[in-house]
Amino acid sequence: MFWDPKIEKLSREKLEKLQLERLKKTLQYVFSRSPFYKKRFTEKKFRPSMVKSLDGLARVPFTYIDDLRKNYPYGLLAVDKSETVRLHTSSGTTGKPKAIFFTRDDIGRGADLIARCLVMTGVTKKDVLQNMMSYGLFTGGLVMHYGAEKVGALVIPAGIGNTDRQLMLMQDFGTTSIHITPSYALYIADVFEKKGLDPRKELKLKRAYMGAEPHSEETRRKIESAFGIDVYNSYGLSEMNGPGVAFECQYKDGMHLWEDHFIMEIIDPVTGRQLPPGQEGELVLTTLCRVGMPILRYRTKDITRIITAPCRCGRTHRRIARITGRSDDMFIIKGVNIFPQQIERVLMGIKGVARNYLIQLESYDELIVKVEIQKRSFDGSVDHMAGLKAEIEGKLRAELLVRPKIELHEPGSLPVSEGKAKRVIDNRKL
Ligand SMILES: [Zn+2]
């Protein structure tokens, strides 16, 4: 199903023509309206007229996460403050957050993109969508909410946490779709299990949208089978409206990125050079329709690749593969680069492993992986435990090329978070 078939199936040629038109307009617009870009273009001796084709995008200076922090709060604003109607922020671990402003039309366009995403996965006005993302400054709450309302679904703004209430809402109002982090979905599956209930029988759930945290294909399958539903990957970031930048269609093979609103590039994070389509690297995004706060060539730090093959659904907007990590999530043990997601992928593929785990870094040579295992395994024989431990160690070593120290834990004993999961504890002194 399509929300806007004309644009979703627009030929590549017309889509690229539209992108170039919008890019040129955006460059002129920010040069005359945004104090940050006026200064940046001048410093880099860049002029909007230098871009004559889409290839010319490579000449436009990058925008970094730090630029948003340093120019907080209004530096990237391209309209008068009176034109803005909403503020979201994107949290950072240190210092000031990134402030993102929306005009009324920006809000409308963001909702429209979400509507495309939801309809693509079968949502209609008959659906009930329970949004289990934070309704605070984070975009996952309100942006998804407005889009689901636009489709005409009944939206339950449940927010994060209070699991008993979440379950009650799901049961009493026949929730068919949830927007949730993967770690929280796994936690809810555990809660059902503890109560001796089968979510496949208790709920009317059909689908879940997973964003905000990177996760593996194995985790998706685990959640799909626990609830008997389809799980769709969602990609977005507050700097680019929030959710709705890219989303999976019914084929669940990569996320269509809405190329009439964004231009994507994949670059080498070290050299900054564009990589050929299909190669893995850092995703860089340029907004084409934002009025309040356009952002050019934004270094997302998310590692992915462009899937170039056409999709069976008929949409012409290209797909990005599952995010395999963030360029700054990576840690180094014994000189080897490791992404937390590699560890997750291995663990979730091992029988006997439960749903929670923790990566602990004590030194630059030692990697400790704490793994919850299933009750049956935990209560099993000493030999069985030793065998499982050896299997986890062996498979992780084969994937990471570093031998980790494995600790097995009883199910439910490692800390869980009801929001974004914190999987890596870094105790190393710099
Ligand atoms: Zn598709």
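**A guided tour of the predicted chain**

Begin by selecting helix H11 (residues 340-348) and helix H13 (residues 382-400), which pack with their axes 10 Å apart and at an angle of about 140 degrees. Axes are lines fitted to C-alpha atoms, for helices over the stretch in contact, and angles run from 0 to 180 degrees between N-to-C directions. Helices (H or I, at least four residues) and strands (E, at least two) are DSSP runs, numbered from the N terminus.

Next, display the side chains at this site: Gln342, Ile343 and Val346 of H11 make the contact with Lys395, Leu396, Glu399 and Leu400 of H13. Residues are in contact if their C-beta atoms, placed from the backbone, lie within 7 Å. By class, this contact of H11 with H13 comprises four nonpolar, one polar and two charged residues. Here Ala, Val, Leu, Ile, Met, Phe, Trp, Tyr, Cys and Pro count as nonpolar, Asp, Glu, Lys and Arg as charged, and the others, Gly among them, as polar.

The model is predicted: local features need pLDDT of at least 70, side-chain atom pairs count only at pLDDT 80 or more, and totals for chains, interfaces and linings use all residues. Residues are numbered from 1 along each chain as its sequence is written.

Now select strands S10, S11, S12 and S15, which form an open sheet in the order S10-S11-S12-S15 with antiparallel pairing. Strand S10 (262-267) and strand S15 (325-326) stand at the edges, each with a single partner strand, so one side of each has no neighbour in the sheet. Two strands pair if DSSP finds at least two bridges between them. Within the sheet, strand S11 (residues 281-287) and strand S12 (residues 298-304) run antiparallel and are joined by four bridges. Select Leu285 to find Tyr298 of S12 opposite.

Move to Met120, which lies in helix H5 (residues 104-120). Met120 is buried, with 20 other C-beta atoms within 10 Å. The scale is: buried at 20 or more other C-beta atoms within 10 Å of a residue's own, exposed at 12 or fewer, and partly exposed in between, with C-beta atoms placed from the backbone. Leaving aside neighbours within four places in sequence, Met120 is in contact with Met1, Phe247 and Cys249.

Finally, show the whole chain, which has 13 helices and 21 strands. The C-alpha trace spans about 70 × 55 × 40 Å along its principal axes, and 40% of the 430 residues count as buried.

How values were computed:
Contact = placed C-beta atoms within 7 Å.
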